[in-house]
There are 4 protein chains.
Amino acid sequence: MELPQTVAPRFEPRDSDWERKVRESFAAQKVMATLGATLGKVAPGYCEISLPCRDDLTQQHGFIQAGIVSSIADNAGGYAGFSLMPVDASVLAVEFKINFLAPADGDYLLAVGQVLKPGKTLFITRAEVYAFREGKAPVHCAAMQQTLMNVSGK
Amino acid sequence: MELPQTVAPRFEPRDSDWERKVRESFAAQKVMATLGATLGKVAPGYCEISLPCRDDLTQQHGFIQAGIVSSIADNAGGYAGFSLMPVDASVLAVEFKINFLAPADGDYLLAVGQVLKPGKTLFITRAEVYAFREGKAPVHCAAMQQTLMNVSGK
Amino acid sequence: MELPQTVAPRFEPRDSDWERKVRESFAAQKVMATLGATLGKVAPGYCEISLPCRDDLTQQHGFIQAGIVSSIADNAGGYAGFSLMPVDASVLAVEFKINFLAPADGDYLLAVGQVLKPGKTLFITRAEVYAFREGKAPVHCAAMQQTLMNVSGK
Amino acid sequence: MELPQTVAPRFEPRDSDWERKVRESFAAQKVMATLGATLGKVAPGYCEISLPCRDDLTQQHGFIQAGIVSSIADNAGGYAGFSLMPVDASVLAVEFKINFLAPADGDYLLAVGQVLKPGKTLFITRAEVYAFREGKAPVHCAAMQQTLMNVSGK
């Protein structure tokens with residue numbers, strides 16, 4: 001199934017070992033296993049995370065709860081940023097803002113994070129969350145804008 | 001243990017049955033049981049939700065992951081708003097913005113949601129998340145600002 | 001000079017007279033004349049506003065102040081949304097979030113607003129602000145995400 | 001006229017000369033004079049800015065335009081933060097999010113900024129904007145949450 005609005009990655013990583021670091025950090029997030037989220041495609045400044053729409057993650061209307069949608073959006077943006085950070089960097093979410101555009105409902109969600117601006121200390125990212133259901137077009141269900149901090153040596 | 005910066009509720013509910021509705025809606029959110037979150041004190045325009053700091057909800061540094069913090073903040077704001085909505089209202093999170101002020105780490109988190117402005121269609125709220133650890137002062141670990149919508153008849 | 005990251009408009013207007021409405025509403029904003037801002041290209045779901053970098057709009061470092069950058073970003077998003085609203089609609093900014101990516105400094109700023117999601121009541125938009133200086137590549141200096149409301153009959 | 005919801009300042013300044021620095025920086029913002037804004041009460045972690053509701057700052061409905069409201073809110077938060085920064089600090093707005101709660105209309109607006117969390121590099125603040133009209137209660141017309149950065153040596 002074709003992903004809408006994907007932009008080709010265009011950043012140079014500062015650490016040649018960036019992909020191993022991203023995958024190891026994701027694997028160390030116990031919450032991702034608890035939610036059933038998996039790391040997909042990664043590229044410098046780009047990260048995809050998918051989440052099956054499990055019934056035990058729903059709110060009162062049967063849709064995936066806003067915080068859970070935020071959880072994969074925050075991580076997609078966070079690892080998009082982390083992929084561009086130097087050796088020994090550590091990433092921290094300073095803040096994010098997320099709009100919910102449509103019910104997070106379907107077979108699975110896909111969060112796509114991309115770096116808008118890599119800095120020395122701060123990284124600005126955006127993430128889109130799409131809901132996929134077999135036989136239907138993907139639905140853009142959330143849009144996030146985020147500030148990350150490189151907290152080296154922490 | 002004393003909660004910092006609590007403001008006394010000051011709103012008149014439009015539905016005398018508001019507390020039952022809030023508690024039933026919270027109970028219908030399967031994700032809250034999955035995360036181990038519980039609904040605490042509620043008042044018109046005010047809502048507390050607590051979450052034990054379980055190891056399986058942590059990110060790579062061992063703190064509660066940002067999306068999980070957002071999950072209880074979003075619901076604390078959401079139910080603070082829902083408590084003031086008329087009969088037959090249904091609440092939807094339009095968007096929120098959250099800053100992470102300190103690591104979400106301790107025995108449990110407490111999210112405190114309060115209504116800033118109740119409207120006809122839109123409700124604006126704020127939520128604070130505090131981390132509690134026995135023998136220590138609570139730490140203000142997240143601050144949220146949120147827009148809710150009353151989607152009656154949905 | 002080539003604008004980076006422009007996305008082709010892709011929305012159908014609900015009011016065939018949308019462009020006249022947008023231009024008349026912009027002209028009725030006295031603040032735009034005060035700041036020296038002008039309305040540029042408009043299309044369904046798309047709006048450009050430019051602002052010369054006047055010295056009397058600067059903050060303490062000599063850059064255009066954040067609120068003034070926000071002023072054209074808010075209007076670019078707002079008129080992108082308004083262009084898609086039905087006859088007799090009136091547009092209101094519910095909220096926005098804006099990140100400042102680089103100093104707003106140069107010959108002029110260009111704010112480019114685009115609709116992410118047109119709804120019945122709420123419209124979600126994004127705007128980018130670029131700083132242009134002769135002989136240099138444009139600099140992406142701000143990124144905004146916004147919620148608008150159609151307040152018909154107001 | 002009594003200001004609603006004011007919280008007493010509770011921070012220790014790191015630079016004993018903080019008030020002079022805040023007032024000099026404000027005076028160096030040419031945009032504040034252009035808009036007619038004036039600096040009012042300041043205290044460590046606290047700042048008030050007022051703005052007469054001039055006709056030439058209005059949008060199409062005759063209210064003060066959202067970006068202008070943001071301009072004083074951003075500065076009220078910014079100087080609240082700057083008041084707590086060390087000697088030789090320089091303050092930069094990383095981002096803010098603002099909700100518009102009521103029309104910004106009256107005799108004058110008052111923006112009240114307060115620090116939520118002073119950090120080493122980042123400062124988190126909130127600002128409220130109230131609209132005052134003689135003989136009426138102040139109206140809470142905007143609520144902002146902001147991230148500032150101490151960019152020393154810039």
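Which residues have the most contacts inside the largest nonpolar core? Keep in mind that this is a predicted model, then select Leu109(A), Leu109(B), Leu109(C) and Leu109(D): they are the ones with the most contacts in that core, which has 221 residues.

Now zoom in on Leu109(C).

Next, show chains C and D together. Their contact takes 27 residues from chain D and 27 residues from chain C. On the chain D side, helix 2 (30–35), helix 3 (66–82) and strand 3 (91–100) each supply at least two residues. Strand 3 of chain D gives the most, with eight residues. Color that side by type and you'll find 10 nonpolar, 11 polar and six charged residues.

Stay there and select strand 3 (residues 91–100) of chain C: five bridges join it to strand 3 of chain D, and the two run antiparallel. Look for Lys97(C), which stands opposite Lys97(D).

Finally, hide everything but chain A. You'll see three helices and six strands, running α-α-β-β-α-β-β-β-β from the N terminus. The C-alpha atoms of chain A fill a box of roughly 45 × 30 × 25 Å along the principal axes. A compact globule of 154 residues would have a radius of gyration near 15 Å, and chain A agrees, with 15 Å. Buried residues make up 56% of chain A.

Notes. Residues numbered from 1 in each chain as written. Chains lettered and ligands numbered in written order. Predicted model: local features only at pLDDT ≥ 70, side-chain atom pairs only at ≥ 80, totals over all residues. Contact = placed C-beta atoms within 7 Å. Helix = DSSP H or I, 4+ residues; strand = E, 2+ residues; numbered from the N terminus. Nonpolar A, V, L, I, M, F, W, Y, C, P; charged D, E, K, R; others polar. Pairing = 2+ DSSP bridges. Core = buried A, V, L, I, M, F, W, Y, C linked by C-beta atoms within 7 Å. Buried ≥ 20, exposed ≤ 12 C-beta atoms within 10 Å, placed from the backbone. Rg over C-alpha atoms; globule rule 2.2 N^0.38 Å.
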